[in-house]
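This report describes one protein model. It covers the surface, the secondary structure, a charged patch and aromatic contacts.

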Amino acid sequence: MKKRTFYLASMATLLSINAANAQEPVKEEAQVVEQQTEQQAEEQTEEKKDGFFKRAFRDMKESARLQHKIDKANFEATKLENKAFYQEQKRKSNPKVRTAAERKRMENELEAAQERKEAAHRKLDSVRNAK
């Protein structure tokens, strides 16, 4: 059914291009709207003609295709995440990188401790000056 609507849409496009090239008068909007509603009504009647099982299996087929795409994308994402984790762990196993990371962590902890110490001194000074 999608192929048929694509075919009709492409044919309508080709006809409109030919009509514009031939310098024919442009169709009224009402006629264009009427043709579109006729096409939609035709599509709906075709869908109604399909039996329950035919529609159900078609829906299951579309659902299975979408689920396959979702599963494939999730698999690729998991694979890339694992690869990134592996590369990160591999990089951290290098002694130079590991010691540099450890040194940076320790410097951050030292800065945090210094800030806490200064805050405590300010608090003590404010309490002493309040008396």
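## Surface and fold

The protein exposes about 12600 Å², of which carbon and sulfur atoms supply 57%; accessible areas come from the Shrake-Rupley method with a 1.4 Å probe, and for residues only the protein chains shown count as cover. The model is predicted, so local features need pLDDT of at least 70 and side-chain atom pairs count only at pLDDT 80 or more, while totals for chains, interfaces and linings use all residues. Residues are numbered from 1 along each chain as its sequence is written, and side-chain values use heavy atoms, leaving out hydrogens and water.

Of the 131 residues, 1% count as buried (under 20% relative accessible area; exposed is over 50%, partly exposed in between). The protein has 4 helices and 0 strands, in the order α-α-α-α along the sequence. Helices (H or I, at least four residues) and strands (E, at least two) are DSSP runs, numbered from the N terminus.

## Charged patch and aromatic pair

Glu107, Glu111, Glu115 and Glu118 form a negative surface patch. Patch residues have over 30% relative accessible area and no salt bridge, with like charges joined within 9 Å; a salt bridge is a side-chain nitrogen of Lys or Arg within 4 Å of a carboxyl oxygen of Asp or Glu. Glu107 lies in helix 4 (residues 95–130).

The whole structure contains 1 aromatic pair. Phe52 and Phe53 form this edge-to-face pair, at 5.4 Å centre to centre and 75 degrees between the planes (ring centres within 6.5 Å; planes over 60 degrees apart for edge-to-face).

| Residue | Relative accessible area and class |
|---|---|
| Glu107 | 44%, partly exposed |
| Phe52 | 58%, exposed |
| Phe53 | 60%, exposed |

Conventions: Patches are made of residues with over 30% relative accessible area and no salt bridge: like charges are joined within 9 Å, nonpolar side chains (Val, Leu, Ile, Met, Phe, Trp, Tyr) within 5 Å. Lys and Arg count as positive and Asp and Glu as negative; His and the chain ends are not counted. The place of a charge is taken as NZ of Lys, CZ of Arg, CG of Asp or CD of Glu. Buried means under 20% relative accessible area, exposed over 50%, partly exposed in between (1.4 Å probe, protein chains only). Rings of Phe, Tyr and Trp (its six-membered ring) pair if their centres lie within 6.5 Å; planes under 30 degrees apart count as stacked, over 60 as edge-to-face and the rest as tilted.
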